[in-house]
Every structure is written in structure tokens, then in C-alpha cells.
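This briefing covers helices, the loop that joins them, and salt bridges. Please have the sequence and the model open while reading.

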Amino acid sequence: MPVGLLAGLDERAAREQVSRSEVIRQAFRAHLQADAEDVARSYRDGYGRFPLGTEDEWGDLESFQDELTTARPLERQVW
């Protein structure tokens, strides 16, 4: 780890009175939460532009889902 980054980590740990490991855990949690929020935002934006039931060149998603789940039983796949 670069010396400057390690020094910043130690400063923050001292300021918050926690271990380096806790500062790293907090950073990972924040990073992963931001990723999850980005994914959720992308879904909201996508469904905002194309709500369920909106047809496109492929048809509408609800009809496709209905067809997949009710038209035929699941086929057994051999790996």
C-alpha cells in the first residue's frame, strides 16, 4: 500500500478512534452500498423509460414472462 494512503488511513483511524481494519471495512461497505444504489438507480431509470407492459420491437415483457412460466414445463438440462 502506498505510504501516503497508509498515512491517511492511520490518521482517519486515530481521528475516529477505531482500528485500520475498521476504517477499511467502513470504506468497503460504503463502496458496495454505492454500487448497489447505482444498480437500483439504473433499474428505476430503465423502468421509468420503459414501464412493464410497454411494447418494443420484441413485444412486452409481461407477456414474455407469462409465456416462459406457463406455456411449457421446465426442461431438464443435462450438463
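**Salt bridges and helix packing**

At 41% relative accessibility, Arg-25 counts as partly exposed. The model is a predicted one. Arg-25 belongs to a network of salt bridges that links Glu-22, Arg-25 and Arg-29, and the count of salt bridges comes to five.

- Arg-25 pairs with Glu-22 in a salt bridge, and their closest N and O atoms are 3.0 Å apart.
- Glu-22 and Arg-25 are three residues apart in helix α2, so about one helical turn separates them.
- In general, an α-helix has 3.6 residues a turn, so residues three or four places apart point the same way.
- Glu-22 is partly exposed, its relative accessible area being 21%; the cut-off for buried is under 20%.
- A salt bridge also joins the side chains of Arg-41 and Asp-38, at 2.7 Å from N to O.
- Arg-41 and Asp-38 are likewise placed in helix α2, three residues apart, which is about one turn of the helix.
- Arg-41 has a relative accessibility of 39% and counts as partly exposed.
- Asp-38 is partly exposed, with a relative accessible area of 39%.

- The side chains of Asp-10 and Arg-20 form a salt bridge with an N to O distance of 2.5 Å.
- Because Asp-10 lies in helix α1 and Arg-20 in helix α2, this pair ties together parts that are 10 residues apart in sequence.
- Asp-10 is partly exposed at a relative accessible area of 31%.
- Arg-20 is partly exposed as well, with a relative accessible area of 40%.

**Packing of α1 against α2**

- Helix α1 covers residues 3–16, and its 14 residues should span 20 Å at 1.5 Å a residue; the end C-alpha atoms are 20 Å apart, so the two values agree.
- Helix α2 covers residues 20–49 and packs against α1 at an angle of about 100°, with the axes 9 Å apart.
- Angles of 65 to 115 degrees count as roughly perpendicular, and α1 and α2 are therefore roughly perpendicular to each other.
- On the α1 side, the contact is made by Leu-6, Leu-9, Asp-10, Arg-12, Ala-13 and Glu-16.
- On the α2 side, the contact is made by Arg-20, Val-23, Ile-24 and Gln-26.
- By class, the residues of this contact are five nonpolar, one polar and four charged.
- Asp-10 and Arg-20, the salt-bridge pair, are both among the contact residues.

**Loop between α1 and α2**

- Gln-17 follows α1 and sits in the loop between α1 and α2.
- The phi of Gln-17 is positive, about 55°, although Gln-17 is not a glycine.
- Gln-17 has a relative accessible area of 73% and is therefore exposed, the cut-off being over 50%.
- Val-18 is also placed in the loop between α1 and α2.
- Val-18 is partly exposed, with a relative accessible area of 29%.
- Apart from neighbours within four places in sequence, Val-18 is in contact with Ala-13 and Val-23.
- Ala-13 of α1 and Val-23 of α2 also take part in the contact between the two helices.

Technical notes. Residues are numbered from 1 along each chain as its sequence is written. This is a predicted model: local features need pLDDT of at least 70, side-chain atom pairs count only at pLDDT 80 or more; totals for chains, interfaces and linings use all residues. Side-chain values use heavy atoms; hydrogens and water are left out. Helices (H or I, at least four residues) and strands (E, at least two) are DSSP runs, numbered from the N terminus. The expected span of a helix is 1.5 Å times one less than its number of residues. Axes are lines fitted to C-alpha atoms, for helices over the stretch in contact, and angles run from 0 to 180 degrees between N-to-C directions. Angles under 35 degrees count as roughly parallel, over 145 as roughly antiparallel, 65 to 115 as roughly perpendicular and the rest as oblique. Contact means heavy atoms within 4.5 Å. Ala, Val, Leu, Ile, Met, Phe, Trp, Tyr, Cys and Pro count as nonpolar, Asp, Glu, Lys and Arg as charged, and the others, Gly among them, as polar. Buried means under 20% relative accessible area, exposed over 50%, partly exposed in between (1.4 Å probe, protein chains only). A salt bridge is a side-chain nitrogen of Lys or Arg within 4 Å of a carboxyl oxygen of Asp or Glu.
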